[in-house]
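This report describes a strand arrangement and its aromatic pairs for a reader who works with coordinates. Please keep the sequence and the model in view while reading.

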Amino acid sequence: MILFVNNASLDTLHSYIGEVITFTSDCDMFDNFKVTGLLTDIVNTGKNFEYMFKVKRLIDNKITDKIINISSNMSNLAIHTINK
């Protein structure tokens, strides 16, 4: 299933917390952006309706401890899941 972040409600986005998902975007700054990991939290930055997705990356089938931030303002940011 593919869900575009800009079309989703905050409640829907929160339902993905605890899931391993893949984020993709066609952002100009990050060509072919693709990150797979465990969504741990979503934080409202209070700026321009932006949310920060807190993600622990999946590398070599292992969840890392380092948390990265993914901005909801990335162009065509999408969430890809298998289970939902």
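## Terms and basis

Rings of Phe, Tyr and Trp (for Trp, its six-membered ring) are taken to pair if their centres lie within 6.5 Å, and a pair counts as stacked with planes under 30 degrees apart, as edge-to-face over 60 degrees, and as tilted for the rest. This is a predicted model, in which local features need pLDDT of at least 70 and side-chain atom pairs count only at pLDDT 80 or more, whereas totals for chains, interfaces and linings use all residues. Residues are numbered from 1 along each chain as its sequence is written, and side-chain values use heavy atoms, with hydrogens and water left out.

## The sheet

Six strands, in the order 1-6-2-3-4-5, form an open sheet with antiparallel pairing; strands here are DSSP runs (E, at least two residues), numbered from the N terminus, and two of them pair if DSSP finds at least two bridges between them. Strand 1 (2-4) and strand 5 (62-71) stand at the edges, and each has a single partner strand, so one side of each is left without a neighbour in the sheet. From one strand to the next, the twist averages 40 degrees, where axes are lines fitted to C-alpha atoms and angles run from 0 to 180 degrees between N-to-C directions.

## Strand 2 and its two neighbours

On one hand, strand 2 is joined to strand 6 by three bridges, the two running antiparallel; the residues involved include Thr-22, whose bridge partner in strand 6 is His-80, and Thr-24, which stands opposite Ala-78. On the other, six bridges join strand 2 to strand 3 (residues 33-44), again in the antiparallel sense, with Ile-21 opposite Gly-37 and Phe-23 opposite Val-35.

Strand 2 is mostly covered, since five of its six residues are buried, a term that means under 20% relative accessible area, with exposed being over 50% and partly exposed in between (1.4 Å probe, protein chains only). Thr-81, in the segment after strand 6 (78-80), is buried as well, with a relative accessible area of 10%. Leaving aside residues up to four places away in sequence, Thr-81 touches Met-1, Tyr-16 and Ile-21, where contact means heavy atoms within 4.5 Å.

## Strands 3 and 4

Strand 3 and strand 4 pair in the antiparallel sense over seven bridges, and one of the residues taking part is Asn-44, whose bridge partner in strand 4 is Tyr-51. The hairpin formed by these strands has six residues between them, and within this hairpin Gly-46 takes a positive phi near 80 degrees.

## Aromatic pairs

A search of the whole structure finds two aromatic pairs. In one of them, the rings of Phe-23 and Phe-53 have their centres 5.2 Å apart and their planes at 50 degrees, so the pair is tilted. This pair links distant parts of the chain, as Phe-23 lies in strand 2 (residues 20-25) and Phe-53 in strand 4 (residues 51-59), 30 residues apart. Phe-23 is buried, with a relative accessible area of 0%, and Phe-53 likewise counts as buried at 0%.

Phe-30 and Phe-33 make up the other pair: their ring centres are 6.2 Å apart and their planes are at 55 degrees, so this pair is tilted. Phe-30 is partly exposed, with a relative accessible area of 45%, whereas Phe-33 is buried at 16%.

Note on methods
Helix = DSSP H or I, 4+ residues; strand = E, 2+ residues; numbered from the N terminus.
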